[in-house]
Amino acid sequence: VLFCSLLYVQACRQLSQLLIAGSREKEADKWAAKGKLVATSIRNIFWDSQKGLFRAATVRCREHDIWGSAFAVYLGVADKKQSQDIAAYFKLNYDGIVQHGQLRHLPAGVYWEKGRERDVYQNGAYWATPVGWFVYTLDLVDTALADQTIFDMVQYFQEFGACEWINGDRRQLPHYLASAALPLAGIRAMLERRQK
């Protein structure tokens, strides 16, 4: 599963940093190496070069994962070419995956399971939580569109609040803290990268 694997890489890196801070370099090296090994596996196993996105899983639920692809770029797990391909896909398919500055989990017209209700929750609705990773990636090919995505999301928040997810006029769980807070890390990282 892509997203769990990405979270594992992030956890390995963070644990390694904590161990270094605690003067436990040997253990830190072990966790850093595990993170690198899993990152390499992610690049090789989940990548679909024809589509320019990572797949969500290898057996079941193999759909192309917009959130996971953006998170892979944000974490630096995706290599340079993969990052550019993902960013290009985001720009080319922007209108189908973004609504009011918020992001669909899967490509336009793609759904997780046929038996589940469509266009709700993570099966077709639009979320703010992954927007930081998304704009961090999109910024590689289109700075203005990345900025516009942030402006659109903030404008929506000002008018309707930060919801868990939206789709058209439908809004679920207003005052959803993760939607308001999580995009900030990716936005900050994008702005820091621009200053280099």
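Contact here means heavy atoms within 4.5 Å. A note to myself before going on: this is a predicted model, where local features need pLDDT of at least 70 and side-chain atom pairs count only at pLDDT 80 or more, while totals for chains, interfaces and linings use all residues. Residues are numbered from 1 along each chain as its sequence is written, and side-chain values use heavy atoms, with hydrogens and water left out.

**Helix H6**

I placed Thr137 in helix H6. Helices (H or I, at least four residues) and strands (E, at least two) are DSSP runs, numbered from the N terminus. Is Thr137 buried or exposed? Thr137 counts as buried because its relative accessibility is 0%. For this I used under 20% relative accessible area as buried, over 50% as exposed and anything in between as partly exposed, with a 1.4 Å probe and protein chains only.

I then checked the rest of the helix. The buried residues of H6 are Val131, Gly132, Trp133, Phe134, Val135, Tyr136, Thr137 and Leu138.

Two packed helices are described by the angle between their axes and the distance between the axes. My axes are lines fitted to C-alpha atoms, for helices over the stretch in contact, and the angles run from 0 to 180 degrees between N-to-C directions.

I looked at H6 and H9 to begin with: their axes come within 6 Å and cross at roughly 20 degrees. H6 and H9 are therefore roughly parallel to each other. The cut-offs I kept are under 35 degrees for roughly parallel, over 145 for roughly antiparallel, 65 to 115 for roughly perpendicular, and oblique for the rest. On the H6 side, Val131, Gly132, Trp133, Val135 and Tyr136 meet Pro183, Gly186, Ile187, Ala189, Met190 and Arg193 of H9. I sorted the residues of this contact of H6 with H9 into 8 nonpolar, 2 polar and 1 charged. In this sorting Ala, Val, Leu, Ile, Met, Phe, Trp, Tyr, Cys and Pro count as nonpolar, Asp, Glu, Lys and Arg as charged, and the others, Gly among them, as polar.

How do H7 and H9 cross? The axes of helix H7 (residues 143-160) and helix H9 (residues 183-195) come within 12 Å, at roughly 150 degrees. That makes H7 roughly antiparallel to H9. I noted the crossing of H7 and H9 as left-handed, a term for a near helix turned anticlockwise from the far one by less than a right angle (clockwise gives right-handed). From H7, Thr143, Ala146, Asp147, Ile150 and Met153 meet Pro183, Ile187, Met190 and Arg194 in H9. The classes in this contact of H7 with H9 are 6 nonpolar, 1 polar and 2 charged residues.

**H1 against H3**

Next I turned to helix H1 (residues 2-21) and helix H3 (residues 66-75), whose axes come within 9 Å and cross at roughly 20 degrees. That makes H1 roughly parallel to H3. The crossing of H1 past H3 is left-handed. Leu2, Phe3, Leu6, Leu7, Gln10 and Arg13 of H1 meet Trp67, Gly68, Ser69, Phe71, Ala72 and Leu75 of H3. I counted 8 nonpolar, 3 polar and 1 charged residues in the contact of H1 with H3.

Val9 is also in helix H1. Val9 counts as buried, because its relative accessibility is 0%. Which residues does Val9 contact, leaving aside neighbours within four places in sequence? They are Gly35, Val38, Ala39, Ile42 and Val77. I also noted that the C-alpha atoms of Val9 and Leu75 are separated by 8.5 Å, although the two residues are 66 apart along the chain.

**Cysteines**

I searched for disulfides, meaning a pair of cysteine sulfur atoms within 2.5 Å. By this rule the count is 0 disulfides. Cys12 is in no disulfide, and its nearest cysteine sulfur, that of Cys4, is 13 Å away. Cys12 is buried at 1% relative accessibility. Cys163 is buried too, with a relative accessible area of 1%.

**Positive phi**

Cys61, in the loop between strand S2 (53-54) and H3, has phi near 60 degrees, a positive value in a residue other than glycine. Cys61 is partly exposed, at 26% relative accessible area. Ser23 sits in the loop between H1 and helix H2 (25-45), and the phi of Ser23 is near 60 degrees, again positive in a non-glycine residue. Ser23 is exposed, with a relative accessible area of 58%.
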